[in-house]
Amino acid sequence: MRRIRIIAAIAVAALTAAFAATPAAASTGTDCQARAPLTVDGGTAYAVTTEPGQAVCYPFEGWTGQDLAIGLYIPLDDGTWRGYASRATVLDPTGAVVAVFSAESPQVRPTFRVPVPTLTRDGTYALVLAPIQATSTLRVAAAVSSRQLLGRTRIDGPGRGVNYDRVGQDKDLPFPGTPDQFVALRVTGFAMTTREAGANPGLWIEVHRAQSDAVAYRGVAFGPGDFIVGPLREAGEFTVRTWPLDGSLGHATLTVVTSHP
């Protein structure tokens, strides 16, 4: 048992030294406190710091081609949640910044999600969470989620029931289309709730084009209904991408249907 404790202490010390040397850790003005590793699609980590300005660092393993999102929120004593309103940085295995969120500007609203561009390296990544002010502390819940492929559907095919059980996680539903088709995304069985005080539960919706990175439709569903995408204008495989609005969780059924101008 004593040997295990010594090994664990050495590992934590090594992580702390490594993260303290990163550019993101240096920008906080203090050493970055190493925490236990996060697992992609694993549990949620909770951090509460008492030292003003203290940053915390979570390593996690990633590989080339992976699409990830960081789910973040502030859990309050009354059981409600607030969006994260500090700084979050994701570093690749070389220490380069690959994603960042900062609420330093009053025009930036607190977030529950930080999308990470498609990973280009295998290895150990790091999520660095830091207060904006040197006099502030942190209280945050964090998790790393991979983009989930829901299988494939077709226009006017059966609906696909989707569970939204991780803050910020993307869900992809591809479908084939042709230029002459005019479609909508139909949302039924909408059963979403949110623990964010005063907020309405909802789903972010994007429909990505088949032949480019352009978005054919972007909107928010606060309940059931048809969300008009319009004419597809090109042939190929389109993708419906959805994720929970802020701290929403629950279930909905998605169907791509023929619509009319």
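Cys 32 and Cys 57 are joined in a disulfide, with 1.7 Å between their sulfur atoms. The model you are looking at is a predicted one, and a search through the whole structure turns up one disulfide. As a reminder, a disulfide is a covalent bond between the sulfur atoms of two cysteines. Where do Cys 32 and Cys 57 lie? Cys 32 belongs to strand β1, while Cys 57 sits in strand β3 (residues 55-62), so the pair ties together parts 25 residues apart in sequence. Have a look at the geometry as well: the torsion about the S-S bond of Cys 32 and Cys 57 is about 110 degrees, which means that the disulfide is right-handed. Both Cys 32 and Cys 57 are buried.

From here, let us follow those strands into their sheet. The sheet is open and has five strands, in the order β1-β3-β9-β6-β7, with mixed pairing. In general, strands of a sheet pair through backbone hydrogen bonds, either parallel or antiparallel. Which strands stand at the edges? They are β1 (32-34) and β7 (97-102); each has a single partner strand, so one side of each is left without a neighbour in the sheet. On average, neighbouring strands of this sheet are turned by 25 degrees against each other, direction ignored.

Strand β6 (residues 87-91) and β7 run antiparallel, and five bridges join them. To find your place in this pairing, pick out Thr 89: the residue opposite Thr 89 is Val 100 in β7.

Terms used. Residues are numbered from 1 along each chain as its sequence is written. This is a predicted model: local features need pLDDT of at least 70, side-chain atom pairs count only at pLDDT 80 or more; totals for chains, interfaces and linings use all residues. Side-chain values use heavy atoms; hydrogens and water are left out. Two strands pair if DSSP finds at least two bridges between them. Helices (H or I, at least four residues) and strands (E, at least two) are DSSP runs, numbered from the N terminus. Axes are lines fitted to C-alpha atoms, for helices over the stretch in contact, and angles run from 0 to 180 degrees between N-to-C directions. A disulfide is a pair of cysteine sulfur atoms within 2.5 Å. Buried means under 20% relative accessible area, exposed over 50%, partly exposed in between (1.4 Å probe, protein chains only).
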